[in-house]
Amino acid sequence: MIRIAHRPHLAALIAACAAWTAVPAQAQTLLKLGHVLAKGSHYDIGAQVFCDSLDKNTQGRYKCQVYPAGSLGGEREEVEAVQIGTQDFVITSTGPVGNFVPEIKIVDVPFLFRDYDHARKVLDGKIGQDMLAKFPSHGLVALAWSENGFRHMTNNKRPIVMANDASGLKMRTMENKVHMDGYRAFGIQPTPMAFPEVFGALQQGVVDGQENPIPVILSSKFSQVQKYLSLTGHVYSPGLIITSPRIWNKLSDADKKAFQAAATLSVEATRKKVNEDEANGIAQLERDGMQVVKQVNGASFRDAMKAPYASYAKEFGADRIAAIQAVK
Ligand code: EAX
């Protein structure tokens with residue numbers, strides 16, 4: 001038996017332990033956040049900012065662990081994992097998301113958005129926010145529109161200047177029917193594939209090319225496996241920060257605000273990185289050896305899009321397409 005009276009240090013230690021157990025330990029939740037792009041990419045910067053501000057805004061009660069580079073799977077798999085509860089957050093392009101939330105498929109229509117300013121205005125405004133409100137009925141919660149960027153074509157066969165220069169090329173696309181239906185009008189053979197498989201498929205010649213924004217082409221080092229880049233800018237690719245009702249509905253109102261504020265800072269950081277990559281990326285890709293067609297014949301691509309636009313108008317409503325294009 002240990003007599004405490006003559007052991008002041010032991011008494012102090014026991015008193016400290018008693019005090020420590022009396023204070024309720026702050027419950028800490030570690031959230032799993034995944035995305036498919038490389039560390040340092042525009043998604044990864046947004047993910048880090050999200051996690052840092054969440055930790056700070058909730059005094060450490062909520063932290064997140066970022067899983068980059070498709071370590072949790074492709075975008076469709078990750079959205080599915082969030083929906084069934086094995087993953088807590090995903091930062092993704094809208095690529096596969098229309099398969100889960102059909103109401104947002106319209107944003108993937110080629111040549112729908114004029115430029116970055118137009119896209120950001122639409123998505124941050126009523127049209128975009130009303131679309132985010134459609135997610136919960138599909139078992140998902142979208143905190144904010146993030147950003148992937150305007151998509152351009154790369155390939156190993158030839159420079160693409162006119163739309164029909166792309167004819168016959170086997171091009172990897174996202175698992176996105178709106179894109180695939182549109183791109184067929186350029187004469188390409190669309191080959192849907194999860195992003196983590198793309199670099200290998202290009203390297204082995206399984207596909208001739210792919211299309212992605214400059215930030216993705218840069219951070220994924222596609223210059224190592226692609227010779228030609230054509231600045232087609234044929235579609236704007238929005239991003240999304242998605243979680244599940246399982247996480248969201250448990251949060252207090254104050255914590256919901258903290259998560260929302262972290263998402264806002266995340267989107268700002270991603271958009272800033274996109275702006276930087278758009279400004280500096282093409283010169284970098286030329287230095288890395290890509291042959292860049294800077295002036296494509298945009299009219300030939302828009303003309304080719306006339307037929308698909310008739311079916312887009314039927315599917316999504318000509319008025320909804322016009323309303324988006326009318327946003328100044
Ligand atoms: O979201 O799959 C794609 O091409 C996406 O643009 C990429 O994963 C970034």
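Hi everyone. Let me begin with a term: a cavity here is a set of grid points where a 1.4 Å probe fits but cannot get out, worked out over the protein atoms alone. A molecule sits in one if more than half of its atoms lie within 2 Å of its grid points. With that in hand, and remembering that this is a predicted model, let's look inside.

There are 2 cavities of 30 Å³ or more, and the ligand sits in the largest cavity. That cavity holds about 120 Å³ of space. It is lined by 17 residues, and those closest to its centre are Glu75, Ser93, Arg172, Met174 and Phe195. Helix H3 (75-84) and strand S4 (141-155) each give at least two residues to this lining. By type, the lining of the largest cavity has 9 nonpolar, 3 polar and 5 charged residues.

Now, who surrounds the ligand? Around the ligand we find Val36, Tyr43, Glu75, Ser93, Asn148, Arg151, Arg172, Met174, Phe195 and Asn212. This shell splits into 4 nonpolar, 3 polar and 3 charged residues.

Please zoom in on the ligand's oxygen atoms. For Asn212, a side-chain N or O atom lies 2.6 Å from an oxygen of the ligand, and for Asn148 a polar side-chain atom is 2.8 Å from a ligand oxygen. Taken alone, the ligand would expose 260 Å², and the protein buries 99% of that.

Finally, the second largest cavity has about 50 Å³ of space. Its lining includes Gly95, Lys105, Asp108 and Glu175, and divides into 1 nonpolar, 4 polar and 4 charged residues.

Terms used: Residues numbered from 1 in each chain as written. Predicted model: local features only at pLDDT ≥ 70, side-chain atom pairs only at ≥ 80, totals over all residues. Heavy atoms only, no water. Near = heavy atom within 4 Å. Polar contact = N/O pair within 3.5 Å; in protein donor to acceptor, adjacent residues only side chain to side chain. Areas by Shrake-Rupley, 256 points an atom, 1.4 Å probe, with all protein chains shown as cover. 1 Å grid on protein atoms, 1.4 Å probe; cavity = no way out; pocket = protein on both sides within 12 Å on 5 of 7 lines; lining within 4 Å. Nonpolar A, V, L, I, M, F, W, Y, C, P; charged D, E, K, R; others polar. Points joined across faces, edges and corners; volume = space filled by probe spheres on them. Helix = DSSP H or I, 4+ residues; strand = E, 2+ residues; numbered from the N terminus.
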